[in-house]
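Hi there,

Here is the structure I promised to pass on to you.

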Amino acid sequence: PATSSRAGLIIPPPHISAGKSKRYWESSEGKVEDDPQRKKQRTGGAGGAEEAREQASGSQENIGLSTRKKRKKQGSPGKKKRISGREDPFPGPAPILEKNLQKFKRGKKTELNKVSNRNLKAHLKKLEDKYELAKSQAARYDLLLPEEDGFLEGDDGEDTCVIQQEDIAHAVDITSGSKYFNLELNQFGPYRANYTRNGRQLLLGGRRGHIATIDWQTKELKCEMNVMESINDCRWLHSETMFAVAQKKWLYIYDNLGIELRCLKNFNDVLRMEFLPYHFLLATCSATGFLQYLDISIGKEIAAICTKSGRLDVMTQNPHNAIIHLGHPTGTVTLWSPNLKAPLAKMLCHRGGVRAIAVDKTGTYMATSGLDKKLNLFDIRSYRPLQSFVIPAGASHLSFSQRSLLAAGCGNVVQVYKDLHLKAVEKPYMCHTVRRGIHGLQFCPYEDVLGVGHGEGFTSMIIPGAGEANFDALESNPYQSKKQRQESEVKALLEKIQPELITMDPNKLGEIDFITMDQKHKDRVERLGFDPLAKGKFEPKHKKKGRSSAGSLLKRKKKVAYEEQRDLIRKSLQENAAAEKERKQEEKMTSLSQRSALERFKRHMKWGGGSINP
């Protein structure tokens, strides 16, 4: 270390030279011996000072050339790559764990050996290479994700459901503690709440006409108004610049400043709404029993389905396949698509009416609550119940988080359940009580926050482990700028999915329907009277220079006919051999079954060298 004198100057130690530090490519072998002129200059010869300077500069140039040659020699492709003059102990890319690759796997590989078209096969091979590269890069960069998800853990013998929100807010940092707050709005309630896809903006709609949009993290009020009539539901559309409000009579579209953009009078008496972001569809259910779809991008109604089930006030969507789930007073849940006038499936879930439905983001599990005070969990893939238990007060509202936590609104109590699809749950994960009855629940995306709308206003709860820790900025970015929002909106419009592609299993869209193709071929054969794809009669190709004479044509025809005949004979022999083998096998089985026990005993005695008299 350097030492300091009393005058404040820093004096380097004697073993540290003040000259230029040596680089790793400047080895001891590359040193240039001092010439006589430089020795003379060091000894104090004043006569040849200028000549010594010139020769010294020339020697410096020689040293630079030699070092450049060495660097070129080290970077030659024939030799191993070196780092700081040493061999790399870990050559090649870093290995990737198999479990990390399975995490980012998206479906099965395409079977290229079944593709006969050469151009199509090459194109599919390029796509598979891109998918493999994307999967490996995502698994490799998974280590760089900055956040990790966690859950609330109590002390030994302590239940997490008794921990209060105030205690959590005081225990965490200031930024996380500010996410717990209460908005006292007791004049125009109860309130319905809805978050944007990136979890940044909050939309509040009071039953008595109050509408407000808030940046809930900075607590900045964006828009506030009163429509002077009752509000049944409110939903954000494709971005935070537009939202839809289901008012007493009709459906209204507003912008982020509260300016009315459109009034849709053919959407009357709407009670609940769901927005499909990838299809730009707003699905509504009304008190008259109609399920209607509105295309936001073109502003037209694309489907109006009469469900014939009476008043519809229980509705949710499956984020995986964009199927709408409706609950009915008969205890059934129906699944709907805009392409059919009949339900895709119908499930009997409760003995009483259905009060609430929720589907997780993977589209695998569906939770329902009914008037029989039961909370049921179903596997949508097999339509079978997984869990069923009784809640004393019953659940009027349900909501799944991004990490599969289930929130249930029971009167004025919010209960959050953890790992409900993995094991039987005896008690809730967290509980919280509000002043009046709950009117709406929703987890905030990418945040450990649960928004609760009730009669006294709005409450933001801290639920550790509820949100996804890391977000994809190309999918939904909470910190996007105005320019990024505009570009993402244009990209979403270009990649818009048509409503005709909404099906129960979206993975079936890329497959080939061989049964339909075979049926179309049979119909074509019946219509034409012959098979157009059948192998036709061989016609020799015309050749020049006298090679298409009558004799040569006849020889080629005979050769092809001989080869076809050999193929037929070979095929018939193989079929006869297989039939003979099958016949012998059947005879052997019948003989074994018809043989008596005494005959089998005689056979064994004969093999053992003994004899038996009848």
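**What I found**

Tyr 278 sits in the loop that links strand S14 (270-276) to strand S15 (281-286); helices (H or I, at least four residues) and strands (E, at least two) are DSSP runs, numbered from the N terminus. Please keep in mind that this is a predicted model, in which local features need pLDDT of at least 70 and side-chain atom pairs count only at pLDDT 80 or more, while totals for chains, interfaces and linings use all residues. Residues are numbered from 1 along each chain as its sequence is written, and side-chain values use heavy atoms, with hydrogens and water left out.

With a relative accessible area of 40%, Tyr 278 is partly exposed (buried means under 20% relative accessible area, exposed over 50%, partly exposed in between, with a 1.4 Å probe and protein chains only). Together with Ile 497, Leu 501 and Leu 509, Tyr 278 forms a nonpolar surface patch of about 340 Å² of accessible area. Patches here are made of residues with over 30% relative accessible area and no salt bridge, with like charges joined within 9 Å and nonpolar side chains (Val, Leu, Ile, Met, Phe, Trp, Tyr) within 5 Å. A salt bridge is a side-chain nitrogen of Lys or Arg within 4 Å of a carboxyl oxygen of Asp or Glu, and accessible areas come from the Shrake-Rupley method with a 1.4 Å probe, where for residues only the protein chains shown count as cover.

Phe 280 is also found in the loop between S14 and S15. Phe 280 counts as buried, at 3% relative accessibility, and has a positive phi of about 55° although it is not a glycine.

**The S6 to S9 sheet**

Four strands make an open sheet in the order S6-S7-S8-S9, with antiparallel pairing; two strands pair if DSSP finds at least two bridges between them. Strand S6 (191-195) and strand S9 (220-226) are at the edges with a single partner strand each, so one side of each has no neighbour in the sheet. From one strand to the next the twist averages 15°, where axes are lines fitted to C-alpha atoms (for helices over the stretch in contact) and angles run from 0 to 180 degrees between N-to-C directions.

How is S6 covered by the rest of the structure? S6 is largely enclosed, because 5 of its 5 residues are buried. Tyr 191, Ala 193 and Tyr 195 point one way from S6, Arg 192 and Asn 194 point the other way, and all are buried. In a regular strand the side chains alternate between the two faces of the sheet.

S6 is joined to strand S7 (residues 201-206) by 5 bridges, and the two run antiparallel; Tyr 195 has Leu 202 in S7 as its bridge partner. Their hairpin has 5 residues between the strands, and Gly 199 takes a positive phi near 75° there.

One more thing to look at is the cis peptide bond between Gly 189 and Pro 190, with omega about 0°. Pro 190 lies in the loop between strand S5 (181-184) and S6.

S12 (residues 251-255) is mostly covered, with 5 of its 5 residues buried. Leu 251, Ile 253 and Asp 255 are on one side, Tyr 252 and Tyr 254 on the other. Strand S11 (residues 242-247) pairs with S12 in the antiparallel sense over 5 bridges, and the two form a hairpin with 3 residues between them. Strand S13 (residues 260-264) and S12 pair in the antiparallel sense over 4 bridges; their hairpin has 4 residues between the strands, and Gly 258 in the turn has a positive phi of about 85°.

**The S18 to S21 sheet**

A further open sheet of 4 strands has the order S18-S19-S20-S21, with antiparallel pairing. Its edges are strand S18 (314-317) and strand S21 (345-348), each with a single partner strand. Ala 322, in the loop between S18 and S19, has a positive phi of about 65° although it is not a glycine.

Happy browsing!
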